[in-house]
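Hi there,

Here is the structure I promised to pass on to you. My notes on it follow below; please read them with the model open.

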Amino acid sequence: MECKKADYHVHSIISPDAKVPMIEMCESAYQKGLSEIVFTDHYEFYAHGIKSQYFHDEYIKGYFRELEKCREFFDGKLLLKSGMEFGQPHLEMEKSKEILDQYQFDYLIGSVHKLDNIDLEKLEYREETVHNIAERYYLELLKLSEQGEFDCMGHLDLFKRHACRHGFPDEFERHELTIRRILKNLIERGKGIEINTSGIRQEAKEAMPSLTILKMYKELGGKIITVGSDAHQPQDIGADFDIAYELLRLAGFDCIMSYNKREASAVFIEE
Ligand SMILES: [Zn+2]
Ligand SMILES: [Zn+2]
């Protein structure tokens, strides 16, 4: 099985939660035989007009400076696309539009990482709180699916990363209807989803979203999918892509998307 190997979800030292320079991430991608990667460093938006110490104009400028250096260095060896992972862009629609007017990205992920400005990772997962967290997560994701600016939704069932870490189930059945509405919104708005393989190497031990959600997306008429490792470390670039491609096939997809200046084109997954 040989696929066009493009990792559409990679972080570098630009992201506040990553420590490895872009050039080292590129080196790893090149060594692993990938043809293309997108650096989707974080850009978080906050509720109640809260301003962040990280996410501002200079942050994005720094991102493009690093990317240009890597593009020169890996010219002809590795295709480097520009991107961002927008967290909660629906909370600051004006600001996110302003950024997109000012900077041309190839690809944008839209994610929910925070509930009322607190990272999902930092919430307390207990018997008494876990249902409420799941409910709030999926409702926030529903809002993002209705009005956020992005190309593909990131790690759709991210709740399970944290729930599983604390020994709780993914609560898919409880939120199946909301998930269905989220997928319908994405399809109506011409937006896609990603298969994020980080879940496979974490406690959940499966990709985000699950095969069940991928099948639901297919059944609803979804066609737009990318595959990303969500690597914050060189060794995780392109990790478990064989599993991701197998999931795609099992769900009935034969294409993934490649993005240029936020225009998607389909690429066949080769046998
Ligand atoms: Zn994320
Ligand atoms: Zn990420």
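Strand β2 (36-44) is mostly covered, with 9 of its 9 residues buried; here buried means under 20% relative accessible area, exposed means over 50%, and partly exposed is in between, using a 1.4 Å probe and protein chains only. In a regular strand the side chains alternate between the two faces of the sheet. In β2 both faces are covered: E36, V38, T40, H42 and E44 are buried on one side, and I37, F39, D41 and Y43 on the other. Strand β1 (residues 6-10) runs parallel to β2 and is joined to it by 3 bridges, where pairing requires that DSSP finds at least two bridges between two strands. V10 has F39 in β2 as its bridge partner. The element names come from DSSP runs numbered from the N terminus, with helices (H or I) of at least four residues and strands (E) of at least two.

A word on conventions before I go on. This is a predicted model, so please bear in mind that local features need pLDDT of at least 70 and side-chain atom pairs count only at pLDDT 80 or more, while totals for chains, interfaces and linings use all residues. Residues are numbered from 1 along each chain as its sequence is written, chains are lettered from A and ligands numbered from 1 in the order in which they are written, and side-chain values use heavy atoms, with hydrogens and water left out.

K5 is partly exposed, at a relative accessible area of 31%. Between K5 and K32 there are 27 residues in sequence and 9.6 Å in space, C-alpha to C-alpha.

Now to the metals. Which residues coordinate the zinc ion (ligand 1)? They are E85 (OE), H113 (NE2) and H155 (NE2), at 2.1 Å. Donors are N, O and S atoms within 2.8 Å of the metal (3.2 Å for Na, K and Ca), and sites may look incomplete because water is not among the atoms. Along the chain, the donors of the zinc ion (ligand 1) are spaced as E-x27-H-x41-H. H113 is in the loop between β4 (107-111) and β5 (114-115), and H155 is in the loop between β7 (152-153) and α5, so the pair ties together parts that are 42 residues apart in sequence. Both histidines are buried: H113 has 9% relative accessibility, and H155 has a relative accessible area of 1%. E85 also bridges the zinc ion (ligand 1) and the zinc ion (ligand 2), which are 3.4 Å apart.

There are some backbone details to look at as well. Most residues other than glycine have a negative phi, and most peptide bonds are trans. The peptide bond from M208 to P209 is cis, with omega near 0°; P209 is in the loop between α7 and α8 (211-219).

For the open space, the largest pocket has a volume of about 740 Å³. On a 1 Å grid over the protein atoms alone, a pocket is an open set of points with protein on both sides within 12 Å along at least five of seven lines, a cavity is a set where a 1.4 Å probe fits but cannot get out, and lining residues have an atom within 4 Å of a point. Grid points are joined across faces, edges and corners, and a volume is the space filled by probe spheres set on the points. The largest pocket is lined by 30 residues, with D17, H42, E121, R161 and H232 nearest its centre. Two or more lining residues come from each of β2, α5 (159-165) and α7 (198-201), and α5 gives the largest share, 3 residues. The lining divides into 7 nonpolar, 10 polar and 13 charged residues, counting Ala, Val, Leu, Ile, Met, Phe, Trp, Tyr, Cys and Pro as nonpolar, Asp, Glu, Lys and Arg as charged, and the others, Gly among them, as polar.

Happy to hear what you make of it.

Best wishes
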